[in-house]
Amino acid sequence: KNFPYSHRGSYYTDTNNLYLNLDHVQNIVTLAKVMRHEGWHAAQDCMAGTIDNSLIAIILDPDTVPQQYHLSAALRYGLLSPAAIPWETEAIYAGDQEMLTADALGACVAGSMWEEFSPTPMTEEWLRDNGYIKS
């Protein structure tokens, strides 16, 4: 009852909580996709230095994500939240990939996020400027 009609789940960076809309996750395939998608946002949180913040960072080079996911994100978020499109593009993509989210979260837990997933140039600059990556 607390979700907008079409929202299947949410991840909140400030509390590191993931919420599922029970009206949309009764099907096991849908549940898996939602868990991967929202879990990817937790991985994006980790990419932004640590999950103990309220930031998220792009993980994948946008050119490596197939165009269909860019289009899907633009259709879903373009009118109401166009600034969210880069983050949502890769989360939608991750939702369709069986192990991508698990691998990213594993790298986060192991403390090897930036070794296993090379930060994009802007993210790497931010991580260096804020002391997460030492030059």
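Confidence first: this is a predicted model, and the protein chain has a mean pLDDT (the predictor's confidence in each residue, from 0 to 100) of 90, with 96% of its residues at 70 or more. Strand S1 (residues 9–12) has the lowest confidence, with a mean of 78, while helix H4 (residues 100–110) has the highest, at 97. Local features need pLDDT of at least 70 and side-chain atom pairs count only at 80 or more, whereas totals for chains, interfaces and linings use all residues. Residues are numbered from 1 along each chain as its sequence is written, and side-chain values use heavy atoms, leaving out hydrogens and water.

Now walk along the chain. You'll pass 2 strands and 6 helices, in the order β-β-α-α-α-α-α-α from the N terminus. Both kinds of element are DSSP runs numbered from the N terminus: helices are H or I with at least four residues, strands E with at least two.

What about overall shape? The C-alpha atoms fill a box of roughly 45 × 25 × 25 Å along the principal axes.

Take contacts (heavy atoms within 4.5 Å) between residues at least 6 apart in sequence: 51% of them join residues at least 24 apart.
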